[in-house]
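Student: I should like to learn how to read a structure of this kind. May we go through its features one at a time?

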Amino acid sequence: MEDAGAAPPSESSELSGPRAEFVASLTRRLVALKAALDGVEAEPTSTSRRDNLRRRIHALSSAARVLRFGAVAESLDEAEAALADAAAQGEAAPRHLAQVSRALDALPSRVWGSPFAIKSDEPVITADRAPDRSAHPISVVVFGSEALAESVLSEGIGDAREIECERTEESGTARELFRVLAPDVAIIDADTDGAQDLVEAVQSDPMVDPVAIIAVGSFDRPEAANNFVALGAARVLPKPVGPDTLRRTLLEVVGRSAAPARHNEPMGD
């Protein structure tokens with residue numbers, strides 16, 4: 001008996017690596033997105049709930065575009081445009097919520113390029129179809145000292161991007177921040193207790209969206225830095241790290257490919 005939810009064999013056979021991982025993770029991502037949408041519906045004037053949903057949609061759209069799932073990115077752009085309009089109005093109206101819901105419902109069929117028609121009397125809200133991504137604040141979670149967070153928020157290298165930063169030294173709190181905020185970047189102080197365990201947990205947590213990781217540490221032994229690289233860290237910086245270097249690295253990581261992060265499997269002994 002055929003599985004109704006299975007991908008078409010001719011197309012699934014063409015997927016490998018990051019594209020296959022994207023498809024495999026889509027169901028859990030949709031669960032998280034719809035839970036966030038329910039939160040906005042419960043509190044339509046909540047800026048934090050709306051921004052959380054918008055950030056999650058933006059992250060998934062970026063990954064879809066990089067991995068050449070154009071139709072998926074297009075649906076998510078429509079959802080993001082609706083939330084941008086809601087932000088301008090100061091409230092997520094039913095028409096905004098309906099458009100976001102329709103866009104999310106369209107994703108499974110659009111992954112495989114199946115035709116999907118939106119049937120609704122509500123007008124489709126668009127903001128040039130592709131939102132201005134450079135206007136979004138960069139969301140950062142810092143696992144480490146207050147001084148490290150202050151370095152992230154420092155200015156002086158000529159970039160106008162706004163940065164939103166949350167900090168903690170508690171690994172349990174950090175995991176909750178990753179789940180709720182869906183940050184663009186995580187800055188991990190490798191010398192803080194539980195840092196490596198936290199990175200491992202975040203990378204395997206199905207409720208955490210892919211996040212670029214910058215590890216900062218003393219790294220007295222070469223293998224200490226290698227452990228974070230093996231866990232998928234985008235950058236590993238030895239201490240001391242100046243504010244300009246840290247912020248420049250942050251901006252470089254944000255500007256890189258938004259493809260889902262993966263563990264680096266060993267190639268041999």
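Tutor: Let us begin with a term. A residue is called buried under 20% relative accessible area, exposed over 50%, and partly exposed in between. Please keep in mind that this is a predicted model.

Student: How does lysine 34 count on that scale?

Tutor: Lysine 34 has 35% relative accessibility, so it counts as partly exposed.

Student: With which residue does the side chain of lysine 34 meet in a salt bridge?

Tutor: The general idea is that side chains of opposite charge can pair when their charged atoms come close. Here, the partner of lysine 34 is aspartate 105, at 2.9 Å from N to O.

Student: How many salt bridges does a search of the whole structure find?

Tutor: The search finds 10. One of them joins the side chains of aspartate 85 and arginine 95, at 3.4 Å from N to O. This pair links helix α4, which holds aspartate 85, with helix α5, which holds arginine 95; the two residues are 10 apart. Arginine 95 is partly exposed, at 32% relative accessibility.

Student: Which residue forms a salt bridge with arginine 235?

Tutor: That residue is glutamate 252, and the closest N and O atoms are 3.7 Å apart. Arginine 235 lies in strand β5 (residues 235–238), whereas glutamate 252 lies in helix α10 (residues 243–255), so parts 17 residues apart in sequence are tied together.

Student: How far apart are the end C-alpha atoms of helix α4, and what span should its residues give?

Tutor: Helix α4 has 20 residues (residues 70–89), which at 1.5 Å a residue should span 28 Å; the end C-alpha atoms are 29 Å apart, which agrees. Just after α4, glycine 90 takes a positive phi of about 85°.

Student: Is aspartate 77 buried or exposed?

Tutor: Aspartate 77 has 3% relative accessibility, so it counts as buried. Aspartate 77 is placed in helix α4, whose buried residues include Val72, Leu76, Ala79 and Leu83. In general, an α-helix has 3.6 residues a turn, so residues three or four places apart point the same way.

Student: With which side chain does the side chain of aspartate 77 make a polar contact?

Tutor: The contact is with the side chain of serine 61, at 3.2 Å.

Key:
Residues numbered from 1 in each chain as written. Predicted model: local features only at pLDDT ≥ 70, side-chain atom pairs only at ≥ 80, totals over all residues. Heavy atoms only, no water. Helix = DSSP H or I, 4+ residues; strand = E, 2+ residues; numbered from the N terminus. Expected span 1.5 Å × (residues − 1). Buried < 20%, exposed > 50% of the residue type's maximum accessible area, 1.4 Å probe, protein only. Polar contact = N/O pair within 3.5 Å; in protein donor to acceptor, adjacent residues only side chain to side chain. Salt bridge = Lys/Arg side-chain N within 4 Å of Asp/Glu carboxyl O.
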